[in-house]
Amino acid sequence: MKILITGFEPFGGQQINPSWEAVNKLPTAIGSHQIVKAKMPVTFSGSRQKIVELIDEHKPDVLLMVGQKGGSYDINCERIAVNLADSKKADNEGFLPSDLPVCYGAPAAYFATIPLKLVVAALQSEGIPATISNSAGLYVCNCMFFSALHHCAECNMNTRVGFIHVPYLPQQVVEGKKPSMALDVVSRALHVVVATLISNACQPSELV
């Protein structure tokens, strides 16, 4: 099995992004299962283009995308991606979308195709706070999530697609006014998620 897992570059004036820091700590294989890691741009157009290119290049059995969600106390396993880009903050290219579709002519939304409840249960059993989230936002994370699901659907690919958001790292909230999670915990969480997806490769998502 091949697992493609992505994290994002820093954005919003930050020097680090916990999603990439944690992804980068993962091994290149778990047993006989290959793990391919990629750093993604925090841009609407760039993330859409690159995720499609990566899917076509690697043809992964599982695609797990990871992003940062400031203010979160736990690992958020995203249930739905919507066909809308709308933000009050610009991406890393200065683009500020307003009420734009991610993909013209595409469905309004897609559900994740990984077994979210199994993933959350596995994380919680390891003492890692985790929940299912019903909104991936309308920023670059949702844009890339939707683009990946739409591409796989259009190409009739069997790739299982999921997206999780992780909290800030402690060094991003030195004033202690926002929740954070240690990098080792975030990295361990990703390892648990990947291992769960490997061991439940034939398990359908709860909504598909």
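Helix α4 contributes 3 residues to the lining of the largest pocket, the largest share. The structure described here is a predicted model. In this model, the largest pocket has a volume of about 350 Å³. Its lining comprises 22 residues, and Phe11, Gln68, Lys69, Lys89 and Tyr139 lie nearest the centre. At least two lining residues come from each of β4 (62-68) and α4 (140-154). By class, the lining of this pocket divides into 9 nonpolar, 10 polar and 3 charged residues. Of the residues named above, Lys89 has its charged end over the ring of Tyr139, 4.9 Å from the ring centre. Tyr139 and Phe11 are also linked by ring pairs into a cluster with Phe44 and Phe95.

In total, 5 aromatic pairs are present. The pair of Tyr110 and Phe146 is tilted, because the ring planes stand at 55° with the centres 5.2 Å apart. This pair links distant parts of the chain, with Tyr110 in strand β7 (residues 109-111) and Phe146 in helix α4, 36 residues apart. Tyr110 counts as buried at 16% relative accessibility, and Phe146 is buried at 0%. A tilted pair is also formed by Phe145 and Phe163, at 5.6 Å centre to centre and 40° between the planes. Phe145 lies in helix α4 and Phe163 in strand β9 (residues 160-166), so this pair ties together parts 18 residues apart in sequence. Both Phe145 and Phe163 are buried.

Methods: Residues are numbered from 1 along each chain as its sequence is written. This is a predicted model: local features need pLDDT of at least 70, side-chain atom pairs count only at pLDDT 80 or more; totals for chains, interfaces and linings use all residues. Side-chain values use heavy atoms; hydrogens and water are left out. On a 1 Å grid over the protein atoms alone, a cavity is a set of points where a 1.4 Å probe fits but cannot get out, and a pocket is an open set with protein on both sides within 12 Å along at least five of seven lines; lining residues have an atom within 4 Å of a point. Grid points are joined across faces, edges and corners, and a volume is the space filled by probe spheres set on the points. Helices (H or I, at least four residues) and strands (E, at least two) are DSSP runs, numbered from the N terminus. Ala, Val, Leu, Ile, Met, Phe, Trp, Tyr, Cys and Pro count as nonpolar, Asp, Glu, Lys and Arg as charged, and the others, Gly among them, as polar. Rings of Phe, Tyr and Trp (its six-membered ring) pair if their centres lie within 6.5 Å; planes under 30 degrees apart count as stacked, over 60 as edge-to-face and the rest as tilted. Buried means under 20% relative accessible area, exposed over 50%, partly exposed in between (1.4 Å probe, protein chains only). A charge sits over a ring if NZ of Lys or CZ of Arg is within 6 Å of the ring centre and within 35 degrees of the ring normal.
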